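Here are some notes for a colleague who is opening this model for the first time. Please read them with the structure in view.

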Amino acid sequence: MEKKAMKPGLLAMLAVMALMLVVGCNSPETKAITKKSSSGKTQELILAADRGLYTGATKELIDSIFRAPQEGLPQLEPRFNVVTIPVSSLENTQMFQMHRNIVLCDIKEGNPDKLYIHHDKWSEPQVVVDIAATSEASLCDLLRRHADRIVAELYSAEYRRMASVFYRDRNVDIMKRMESKFGFTLNVPQEFSVAKDDDGFMWLLKRTKDFDLSVLVHVEPYRDQQQFAADKILNRLDTTMRRNVPGPAEGSYMGTERRADILNRVVDIEGAKYAVENRGQWRLFGDFMGGPFVSYTILSPDGTQLVELTGFVYCPRFDKRDYLMQVDGICRSIKWSAVE
């Protein structure tokens, strides 16, 4: 039987569709959609190092970076839970390659003695820190010189994961309420409710039988740089908590614990003109309660608003690091309505 020739118009249309399919499969948007989600528990890190490297002085250096105490907690908890594997296991096992946080200690002759940061190499969100060294001594030198950058990159992956998880489970009603009131939103999970809503203030609360997670939102006009001074920030935070977060005992109220160290540093917040982080402990005056807090003082993109976002945890019976990361992630997810 004689086959019918395909019409020129149909042939052209199929060619265009095929081209669009090829282009689409290679576009960043499609790659982002098809890339697998990373694995790993909160603040968990895979350290890929050959046998014998993770010992002695090198182990002490690595631990001082990744197992250092998390700032602001009332008891010792490490920054990261470190899982060590051989380099060959990382190279040959997809399960390990899917992990969110990976530090690869690659020592071999001919390496360039350089540090490489790979984002979303095998999964998303993911950070792979590739330390390509010629010797153990040069690897240690690279670790010392780039420790702060490495830790910042690993935390960035944690914040990205939190933002993604919380956005999928977002409380739309609270987010709309915040956007109407303040002109920005946070990725607030469904389990949170509004405990108090006042002029320039909102208290978001998740209460369970074992712990409380809270995020305080306070907004006031920006006047000058002095509002970012460390003592001004803490005094303002004390005032905000005393006015809005009463304790269970009559006359008790929250405040910052000045007898413990409070970390103060400038940080990058997406969309903000300027931002300062404070991290320490809170206490209940007039009663016996306390825990960790993290607070961000942020200058809005248009330079008119001073935004203070404070996450705090009350969890007397369990470790607190991972709960603090949850409220930290909510604070870090701020997005202004006018910023695309």
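1. Is Gln 43 buried or exposed? Gln 43 counts as buried because its relative accessibility is 1%, and the cut-off for buried is under 20%.

2. The model is predicted. Over the protein chain the average pLDDT is 90, and 89% of the residues score at least 70. Where pLDDT is low, the predicted coordinates should not be read in detail.

3. As for the overall make-up, the protein chain has nine helices and 15 strands. Buried residues account for 47% of its 340 residues. Among contacts between residues at least 6 apart in sequence, 60% join residues at least 24 apart.

4. The largest pocket has a volume of about 1300 Å³. Its lining is made of 42 residues, and those nearest its centre are Ser 156, Tyr 159, Arg 160, Asp 268 and Arg 332. Two or more lining residues come from each of α3 (56-66), α6 (136-168), α7 (172-182), β11 (263-266), β12 (274-285), α9 (321-332) and β15 (335-336). Which element gives the largest share of this lining? That element is α6, with eleven residues. By class, the lining of the largest pocket holds 17 nonpolar, nine polar and 16 charged residues.

5. The second largest pocket has a volume of about 210 Å³. It is lined by 15 residues, with Arg 207, Asp 212, Val 245, Pro 246 and Met 289 closest to its centre. At least two lining residues come from each of β8 (201-207), β9 (212-221), β12 and β14 (305-314). The largest share, three residues, is that of β8. In this lining, eleven residues are nonpolar, two are polar and two are charged.

6. Strand β14, which contributes to the lining of the second largest pocket, deserves a separate look. Nine of the ten residues of β14 are buried. On one count of pairing, β14 runs antiparallel to β9 over ten bridges, and Ser 214 has Phe 312 in β14 as its bridge partner. Strand β13 (residues 290-299) is also antiparallel to β14, joined by seven bridges. Here Thr 297 has Glu 308 in β14 as its bridge partner. β13 and β14 form a hairpin with five residues between them, and Gly 303 in the turn has a positive phi of about 75°.

7. Glu 124 and Pro 125 are joined by a cis peptide bond, with omega about -10°. Pro 125 sits in the loop between β4 (114-119) and β5 (127-133). Asp 113 has a positive phi of about 55° and is not a glycine; its place is the loop between β3 (101-107) and β4. Asp 113 counts as partly exposed, because its relative accessibility is 30%.

8. Gln 97 belongs to helix α5 (residues 94-97). What does Gln 97 touch, leaving out residues up to four places away in sequence? The list is Leu 90, Glu 91, Asn 92, Ile 102, Trp 122, Ser 123 and Gln 126. With a relative accessible area of 14%, Gln 97 is buried.

9. Asp 198 is part of strand β7 (residues 193-198). Its relative accessible area is 38%, so Asp 198 is classed as partly exposed. Not counting residues up to four places away in sequence, Asp 198 touches Lys 181 and Asn 244. Asp 198 and Asn 244 are 46 residues apart along the chain, and their C-alpha atoms are separated by 8.9 Å.

Conventions. Residues are numbered from 1 along each chain as its sequence is written. This is a predicted model: local features need pLDDT of at least 70, side-chain atom pairs count only at pLDDT 80 or more; totals for chains, interfaces and linings use all residues. Side-chain values use heavy atoms; hydrogens and water are left out. pLDDT is the predictor's confidence in each residue, from 0 to 100. On a 1 Å grid over the protein atoms alone, a cavity is a set of points where a 1.4 Å probe fits but cannot get out, and a pocket is an open set with protein on both sides within 12 Å along at least five of seven lines; lining residues have an atom within 4 Å of a point. Grid points are joined across faces, edges and corners, and a volume is the space filled by probe spheres set on the points. Helices (H or I, at least four residues) and strands (E, at least two) are DSSP runs, numbered from the N terminus. Ala, Val, Leu, Ile, Met, Phe, Trp, Tyr, Cys and Pro count as nonpolar, Asp, Glu, Lys and Arg as charged, and the others, Gly among them, as polar. Buried means under 20% relative accessible area, exposed over 50%, partly exposed in between (1.4 Å probe, protein chains only). Two strands pair if DSSP finds at least two bridges between them. Contact means heavy atoms within 4.5 Å.
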